[in-house]
Amino acid sequence: MQNAVPGGALSSSVLVLNRFYLAVHVVSARRAFVLLYRDSAEVIHIENGQYANYDFESWCEVSGQWSPARSAEQASRSAEQDWVRAARFDIQVPRIIRLIRFERVPRQALRFNRRNLFARDGHACQYCGTTYPASQLSLDHVVPRSRGGETSWENVVCSCVACNTKKGGRTPVEARMKLLRQPAKPRQNPQLALKLGNPKYESWRSFLPGGGVSLDVG
Ligand SMILES: [Zn+2]
């Protein structure tokens, strides 16, 4: 298969549900096609508020009929879809697949790391509120490590270098600096939340409850 869309339809993201329709994972389209081809998963496609299940063969068949190459009407309908071109036909990249073989998939814990912390805080310094690129941000221990402050979701925030320097080894009260909000462990993967801002992934919302799901975006 090759990419019909320059920029990589095969690297777009696909939400993975377990047998019980619970969101468990996010994978690349390339990985999703491998799972579909092996009959380990089926496509869940939402159309007019209803969802339909397709195995790989029937997905190739129906999505081939929707191919933007077939007509102008199809092309406009397909504006928000990604396509890959196989030898003789086009296949739409699914947005959601469901695992059909595995009873259980271990739920991945939300990793505590810089990338997720920056995403949680929206790349904004939690003292002055200014937004910076990741390269210009640092992490601040609200209660300093020298005072027994933990390295945890509840005690580490995104901070600009100026605020970090100003605060020094003091608590916010001592430094007279106020946090924009109390830091906490996000209820869902903050990078997933960023993806949900993209209309491409609108259909994922049906399978993501407000809380409780912690997904690792691969
Ligand atoms: Zn700042």
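Which residues are buried in helix H2 (residues 56-65)? The views below take up this question first, then move on to the sheet and the cores. The model is predicted.

**View 1. Helix H2 has a buried face.** Phe56, Trp59 and Ser63 are the buried residues to look for in H2, which spans residues 56-65. Seen down the axis of H2, the buried residues fall within an arc of 55°, so they line one face of the helix. An α-helix has 3.6 residues a turn, so residues three or four places apart point the same way. Now look at the face of H2 turned away from the buried side. Glu57 and Gln65 sit there, and they are exposed. The cover over the buried residues of H2 includes helix H1 (29-37), strand S4, strand S5 (50-54) and strand S7 (90-92).

**View 2. Five strands form an open sheet.** The strand order is S3-S2-S8-S4-S5, and the pairing is mixed. S3 and S5 stand at the edges with a single partner strand each, so one side of each has no neighbour in the sheet. On average, neighbouring strands are turned by 30° against each other, direction ignored. Strands of a sheet pair through backbone hydrogen bonds, either parallel or antiparallel.

**View 3. S8 pairs with S2 and with S4.** S8 covers residues 96-99, and S2 covers residues 13-17. These two strands run parallel and share three bridges. Find Leu15: Ile96 of S8 stands opposite. S4 (residues 41-47) pairs with S8 in the antiparallel sense, over four bridges. Here Ala41 has Leu99 of S8 as its bridge partner.

**View 4. S4 also pairs with S5.** This pairing is antiparallel and has five bridges.

**View 5. The largest nonpolar core has 26 residues.** Which of its residues touch the most other members? They are Leu15, Leu36 and Ile97. S2, S3 (23-28), H1, S4, H2 and S8 each supply at least two residues of this core. H1 gives the most, with five residues.

**View 6. Ile97 has contacts on several elements' residues, listed here by name.** Leaving aside neighbours within four places in sequence, Ile97 is in contact with Val14, Val16, Ala32, Leu35, Leu36, Ala41, Glu42, Val43 and Ile44.

**View 7. A second core is separate.** This core has ten residues, including Cys125, Leu137, Val157 and Cys163.

Methods. Residues are numbered from 1 along each chain as its sequence is written. This is a predicted model: local features need pLDDT of at least 70, side-chain atom pairs count only at pLDDT 80 or more; totals for chains, interfaces and linings use all residues. Two strands pair if DSSP finds at least two bridges between them. A residue is buried if 20 or more other C-beta atoms lie within 10 Å of its own, exposed if 12 or fewer, and partly exposed in between; C-beta atoms are placed from the backbone. The arc is that of the directions from the helix axis to the C-beta atoms. Two residues are in contact if their C-beta atoms, placed from the backbone, lie within 7 Å. A nonpolar core is a set of buried Ala, Val, Leu, Ile, Met, Phe, Trp, Tyr and Cys residues joined through C-beta atoms within 7 Å. Axes are lines fitted to C-alpha atoms, for helices over the stretch in contact, and angles run from 0 to 180 degrees between N-to-C directions.
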